[in-house]
Amino acid sequence: MKEKEQKILDTSLPLFVEKGFHGTSTAEIAKTAGVATGTLFHYFKTKEDLIDRLYIYTKESILKAAQGDYDESKSFKENVKFLWLNFVNFGIEEPYKFNFIMTFHCSPYITSFTKGRIEEKFVDLLEVYKKGLKEDEIKPVYDELLMDYFWGNVLNTITHFEKNPEKRKKNNIELAFELFWDGISK
């Protein structure tokens with residue numbers, strides 16, 4: 001990625017999160033990024049193209065942060081915890097990226113092609129849970145419900161610690177995971 005393109009993405013991220021799609025103009029993005037409006041349109045033909053690319057960028061960031069191979073030497077629960085903690089920590093440490101994903105996930109500005117392309121990369125995460133089903137460690141639940149439960153718990157945990165930063169302590173994060181685990185384990 002070119003330096004100016006990265007600068008535009010980094011600049012537009014907080015603007016879209018704080019002001020929304022309609023509240024953020026391309027002129028404001030260009031000015032804040034320190035580039036000419038024409039430069040912005042050189043990299044992104046429309047504001048919708050910028051949102052689409054920003055969605056890929058943020059989703060790839062969270063995927064990279066959450067990646068880690070399944071460790072056969074550890075228990076299934078420890079592997080799930082590792083994955084869960086990676087997502088929670090990403091949301092806490094990268095609030096703009098996480099909030100952008102949550103805000104624009106169902107947005108009509110993200111093309112179905114982009115959603116499909118990036119969501120394919122998240123299928124591997126589901127494989128961790130399929131191991132738990134196979135090993136009879138978690139409740140029998142269909143994939144979409146399990147993933148929605150996972151994301152809902154991650155989102156609520158992040159939101160809780162954003163509202164209560166003084167309570168963001170290891171034992172409370174452990175407690176939040178245990179609440180999640182109790183919901184899916186047999």
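1. **Basis.** The model is predicted: local features need pLDDT of at least 70, side-chain atom pairs count only at pLDDT 80 or more, and totals for chains, interfaces and linings use all residues. Residues are numbered from 1 along each chain as its sequence is written, and side-chain values use heavy atoms, with hydrogens and water left out.

2. **Overall fold.** The chain has 10 helices and zero strands. Both are DSSP runs, numbered from the N terminus: helices are H or I with at least four residues, strands are E with at least two. In sequence order the pattern reads α-α-α-α-α-α-α-α-α-α. Along the principal axes, the C-alpha atoms fill a box of roughly 55 × 40 × 25 Å.

3. **Burial and surface.** The chain has 186 residues, and 40% of them are buried. Buried means under 20% relative accessible area, exposed over 50%, and partly exposed in between (1.4 Å probe, protein chains only). The chain exposes about 10300 Å², with carbon and sulfur atoms supplying 53% of it. These areas come from the Shrake-Rupley method with a 1.4 Å probe; for residues, only the protein chains shown count as cover.

4. **Contact range.** Contact means heavy atoms within 4.5 Å.

5. **α1 against α6.** Two packed helices are described by the angle between their axes and the distance between the axes. Helix α1 covers residues 3–19, and helix α6 covers residues 95–104. Their axes come within 9 Å and cross at roughly 50°. Axes are lines fitted to C-alpha atoms, for helices over the stretch in contact, and angles run from 0 to 180 degrees between N-to-C directions. The pair is therefore oblique. Angles under 35 degrees count as roughly parallel, over 145 as roughly antiparallel, 65 to 115 as roughly perpendicular and the rest as oblique. The crossing is left-handed, meaning that the near helix is turned anticlockwise from the far one by less than a right angle; clockwise would be right-handed. On the α1 side, the contact uses Leu13, Pro14, Phe16, Val17 and Glu18; on the α6 side, Tyr96, Lys97, Asn99, Phe100 and Phe104. By class, these residues are seven nonpolar, one polar and two charged. Ala, Val, Leu, Ile, Met, Phe, Trp, Tyr, Cys and Pro count as nonpolar, Asp, Glu, Lys and Arg as charged, and the others, Gly among them, as polar.

6. **α4 against α6.** Helix α4 spans residues 47–66. The axes of α4 and α6 come within 9 Å and cross at roughly 125°. That makes α4 oblique to α6. The crossing is left-handed. From α4, the contact residues are Ile51, Leu54, Tyr55, Tyr57, Thr58, Lys59, Ser61 and Ile62. They meet Lys97, Phe98, Phe100, Ile101 and Phe104 of α6. The contact has nine nonpolar, two polar and two charged residues.

7. **Lys97: buried or exposed?** Lys97, in helix α6, counts as buried at 13% relative accessibility. Beyond four places in sequence, Lys97 touches Leu13, Tyr57, Thr58, Ser61 and Phe90. Tyr57 is 40 residues away along the chain, with a C-alpha separation of 8.8 Å from Lys97.

8. **Lys59.** Which residues does Lys59 contact, leaving aside neighbours within four places in sequence? They are Ile101, His105, Ile118, Glu119 and Phe122. Lys59 is found in helix α4 and is buried, with a relative accessible area of 4%. Lys59 and Lys115 are 56 residues apart in sequence and 9.7 Å apart, C-alpha to C-alpha.

9. **Thr11.** Thr11 lies in helix α1. At 9% relative accessible area, Thr11 is buried. Not counting residues up to four places away, Thr11 touches Ile29, Thr32 and Ala33.

10. **Asp136.** Most residues other than glycine have a negative phi. Asp136 has a phi near 60°, a positive value in a residue other than glycine. Asp136 sits in the loop between α8 (123–134) and α9 (143–163). With a relative accessible area of 48%, Asp136 is partly exposed.

11. **Ser185.** Ser185 is in the segment after α10 (170–184). Its relative accessible area is 12%, so Ser185 is buried. Leaving aside neighbours within four places in sequence, Ser185 contacts Glu137, Ile138 and Lys139.
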